[in-house]
Amino acid sequence: METRFNLFDNAISANFFKRFANAGLVIQQSPLPHSTQELVSLRASQINGCGWCIDMHTKEAAAAGESAVRLHLVAAWRESTVFTEAERAALAFAEEGTRLADAHPGVSDETWARVREHYDDDQVAALVCLIGLINAANRVAVIVHQRGGSYEAGTFAAALR
């Protein structure tokens, strides 16, 4: 399967993604731990089948020092012992916020309460925005068949300069 359309070579989509990336920068600079941001982005991308975003967030997390064991276990985080209670709450939040089209009722009160136990208002705001942003990125990349495998850590940050 070849990429259908190069979003970075088109003036409209390139302009859009510059602004999209700036929205992501707000989240990156938030007090939400960077490791949590990458784990949440990776999990949503796994659910959505976005190879490009899985590739990107796995490599960015690894470059930031995330362990291979934790990265390999994100898909089975409920059956793993390597995540903190705060990370587990964020991963549940990401799953429930991502599976809206799967006849899921949305984020449960139980998951919301667990998130609020571990994250302050600024971190919750960043987490909510991150889940919305990564789901949008996943959908765009899947629509055009943006394939994973070629991403190099740091490329996204370099594009913002």
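**Salt bridges and a nonpolar patch**

Guide: The side chains of Glu 87 and Arg 70 form a salt bridge, 2.7 Å from N to O. This is a predicted model: local features need pLDDT of at least 70, side-chain atom pairs count only at pLDDT 80 or more, and totals for chains, interfaces and linings use all residues. Residues are numbered from 1 along each chain as its sequence is written, and side-chain values use heavy atoms, leaving out hydrogens and water.

Visitor: Why is the contact between Glu 87 and Arg 70 called a salt bridge?

Guide: A salt bridge is a side-chain nitrogen of Lys or Arg within 4 Å of a carboxyl oxygen of Asp or Glu. The N to O value for Glu 87 and Arg 70 is 2.7 Å, so the pair qualifies.

Visitor: What makes Glu 87 buried?

Guide: Its relative accessible area is 8%. Buried means under 20%, exposed over 50%, and partly exposed in between (1.4 Å probe, protein chains only). Arg 70, at 13%, is buried too.

Visitor: Which salt bridge involves Glu 95 and Arg 78, and why does the pair tie parts together?

Guide: The side chains of Glu 95 and Arg 78 meet at 2.6 Å, N to O. Glu 95 lies in helix α5 and Arg 78 in the loop between α4 and α5, so the pair links parts 17 residues apart in sequence. Arg 43 joins Arg 78 and Glu 95 in one network, through salt bridges that share partners. Helices (H or I, at least four residues) and strands (E, at least two) are DSSP runs, numbered from the N terminus.

Visitor: Is Arg 78 buried or partly exposed, and how do you know?

Guide: Arg 78 has 46% relative accessibility, so it counts as partly exposed. Glu 95, at 5%, is buried.

Visitor: Where do Lys 59 and Asp 55 lie?

Guide: Both are in helix α3 (residues 51–63), four residues apart, about one turn of the helix. Lys 59 is partly exposed at 27%. Asp 55 is buried at 11%.

Visitor: How many salt bridges does a search of the whole structure find?

Guide: Seven.

Visitor: What makes the nonpolar surface patch?

Guide: Val 107, Trp 112 and Val 128 make it, with an area of about 240 Å². Patch residues need over 30% relative accessible area and no salt bridge; like charges are joined within 9 Å, nonpolar side chains (Val, Leu, Ile, Met, Phe, Trp, Tyr) within 5 Å. Areas come from the Shrake-Rupley method with a 1.4 Å probe; for residues, only the protein chains shown count as cover. Trp 112, in helix α6 (residues 109–118), has 39% relative accessibility and counts as partly exposed.
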